[in-house]
Amino acid sequence: MAGTAIVVCAGGPARAPLPDVPDDTLVIAADAGILEAERLGLRVDLLVGDLDSAPEDAIARAPRIERHPVDKDASDLELAVAAAVAADARRIVVVGGDGGRLDHLLGNAFLLGSDRWARVEMDAVLGDARIWVVRDERTIDGRRGELLSLYAVGGPAQGVTTEGLRWALTDGALLPGSSLGLSNEFVDPRATVRVRNGVVLAIRPGAEAT
């Protein structure tokens with residue numbers, strides 16, 4: 001059983017500092033994400049994917065491997081997150097870059113809000129950005145003046161209420177594709193986002209983790 005799992009994917013370096021995680025955190029690399037994990041000084045416990053992009057010497061360093069066929073119906077990141085859930089992780093932090101293909105980056109962001117992980121607390125560090133998946137309620141640290149954008153994923157988010165942000169929502173609605181939640185701003189060092197129904201991605205772009 002793993003209380004916390006870090007899932008590392010590829011796509012360039014993660015430049016924002018990682019959040020604090022316990023020493024016994026399970027570290028899972030998604031294919032070439034093993035190189036990013038090693039760059040970050042993380043000890044990989046499990047390598048997952050079709051392994052079409054991880055170098056052979058890196059594969060040889062992995063203590064455990066879960067190999068999938070190249071022709072598959074899920075991305076390497078999705079398979080790695082599923083492995084973390086199968087290990088009973090209650091919190092998952094996805095770590096990776098914001099470079100490479102735009103479709104990969106968007107797919108990774110949307111994946112975070114999947115209903116498959118509804119019972120798991122999900123965070124991410126992608127490049128310079130920190131992402132929190134908000135179901136029910138999350139508390140988000142930042143600095144006064146830093147930006148925080150809120151996006152509904154997978155359908156409308158209803159009953160959205162915020163505290164600690166410049167433009168407050170009170171029992172409001174966020175629709176997929178709407179820019180209503182774009183570029184809000186911290187007025188306190190800690191913000192709270194509540195959602196009655198639906199899922200919201202809270203994205204702090206280009207900011208150092210606090």
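Me: In the protein, what percentage of the contacts with a separation of 6 or more comes from residues 24 or more positions apart?
Reply: This is a predicted model, and the figure is computed from it. Among contacts in the protein with a separation of 6 or more, the part that joins residues 24 or more positions apart is 63%.

Me: How does the radius of gyration of the protein relate to the globule rule for 210 residues?
Reply: The protein has four helices and eleven strands. For 210 residues the globule rule gives 17 Å, and the protein is as compact as a globular protein of that length because its radius of gyration is close to that value, at 17 Å.

Me: Which residue forms a salt bridge with aspartate 50, and where does that residue lie?
Reply: Aspartate 50 sits in the loop between β3 (46-49) and α2 (56-61), and its partner is 22 residues away, in the loop between β4 (65-67) and α3 (76-86). The closest N and O atoms of the pair are 2.6 Å apart, and the partner is lysine 72.

Me: Is aspartate 50 buried or exposed?
Reply: The cut-off for a buried residue is under 20% relative accessible area. Aspartate 50 has 7% relative accessibility, so it counts as buried.

Note on methods
Residues numbered from 1 in each chain as written. Predicted model: local features only at pLDDT ≥ 70, side-chain atom pairs only at ≥ 80, totals over all residues. Heavy atoms only, no water. Helix = DSSP H or I, 4+ residues; strand = E, 2+ residues; numbered from the N terminus. Rg over C-alpha atoms; globule rule 2.2 N^0.38 Å. Contact = heavy atoms within 4.5 Å. Salt bridge = Lys/Arg side-chain N within 4 Å of Asp/Glu carboxyl O. Buried < 20%, exposed > 50% of the residue type's maximum accessible area, 1.4 Å probe, protein only.
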